[in-house]
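Subject: the model, plus some notes

Hi,

Here is the structure I said I'd send over. Have a look at it first, and then read on for what I found.

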Amino acid sequence: MLKKYLLVFFISMIPLIELRGAVPVGLSQLWGEPISILPLYIICIIANMLPVPVIYFFARKVLEWGADKKFIGKFFKFCLEKGEKGGKKLQEKAGRGLYWALFLFVGIPLPGTGAWTGTLAASLLDMDFKKSIIAVMAGVVLAGIIMGLASAGVFGAMGTIFN
């Protein structure tokens, strides 16, 4: 059982997969018995949030450092420009609801969204660290709930009922 706990812990830390991939694995019978829902969520949320402060404080610095390097410069510069352009667009649309937008961005489990991407966006936008972390954590919790319901077949059952 310890192997499965470690597996979901490390899956939750992988960029783009994160908690969205770990919850279904933890609830499945792959690699052993399913993990109880509460311990599963606690493990996944902790593991998903561990890299967040590092991303917030260092990702922008790494991208800025690499923007003028020979082989990686174009990609790093592209990431910076894309992030800043997208961030400004989001700021204009969201206005004062920027932290709610960050919460929804992280919380709705779609490809390319999640704690890693949301935290990078918050860093590039120079959003308040504490408020950003709260929005990202709340989004991670929401994503966990949605993935838990989806893994339990709730959405499929609702589709059958309403069709």
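This is a predicted model: local features need pLDDT of at least 70, side-chain atom pairs count only at pLDDT 80 or more; totals for chains, interfaces and linings use all residues.

Residues are numbered from 1 along each chain as its sequence is written, and side-chain values use heavy atoms, with hydrogens and water left out.

Back to serine 12, which sits in helix α1 (residues 2-12). Helices here are DSSP runs of H or I with at least four residues, numbered from the N terminus. A polar atom of the serine 12 side chain is 2.9 Å from the backbone oxygen of valine 8. If you skip neighbours within four places in sequence, the contacts of serine 12 (heavy atoms within 4.5 Å) are Glu18, Leu19, Ala22, Cys44, Ala47 and Asn48.

Two of those contacts turn up again. Cysteine 44 is buried too, with a relative accessible area of 0%, and glutamate 18 is buried at 0% relative accessibility. As for sulfur, cysteine 79 is partly exposed at 21%, and the structure has 0 disulfides, taking a disulfide as a pair of cysteine sulfur atoms within 2.5 Å.

Now the charged pairs. I count 4 salt bridges, each being a side-chain nitrogen of Lys or Arg within 4 Å of a carboxyl oxygen of Asp or Glu. One of them joins glutamate 18 to arginine 20, with 3.9 Å between the closest N and O atoms. Arginine 20 is buried, at 10% relative accessible area.

Which residues are linked in a network of salt bridges? Those are Arg60, Glu64 and Asp126. Arginine 60 pairs with glutamate 64 at 3.1 Å between the closest N and O atoms; both belong to helix α4 (residues 52-66), 4 residues apart, or about one turn of the helix. Arginine 60 also meets aspartate 126 at 3.0 Å, N to O. Aspartate 126 is in the loop between α7 (115-124) and α8 (129-151) while arginine 60 is in helix α4, so this pair ties together parts that are 66 residues apart in sequence. On accessibility, arginine 60 is buried at 19%, glutamate 64 is partly exposed at 41% and aspartate 126 is exposed at 58%.

Last, helix α5 (residues 73-94). Its 22 residues reach 31 Å from first C-alpha to last, close to the 32 Å expected at 1.5 Å a residue; the expected span is 1.5 Å times one less than the number of residues. Gly73, Phe76, Leu80 and Gly87 are buried in α5. They cover an arc of only 80° around the axis, so they lie on the same side of α5; the arc is that of the directions from the helix axis to the C-beta atoms. What covers these buried residues includes α4 and α7. On the other side of α5, the exposed residues include Lys74, Phe75, Lys82 and Glu92. After α5 comes glycine 95, with a positive phi near 60°.

Cheers

Notes:
Helices (H or I, at least four residues) and strands (E, at least two) are DSSP runs, numbered from the N terminus. A polar contact is a pair of N or O atoms within 3.5 Å; within protein, one must be able to donate a hydrogen and the other to accept it, and residues adjacent in sequence count only if both atoms are side-chain atoms. Buried means under 20% relative accessible area, exposed over 50%, partly exposed in between (1.4 Å probe, protein chains only).
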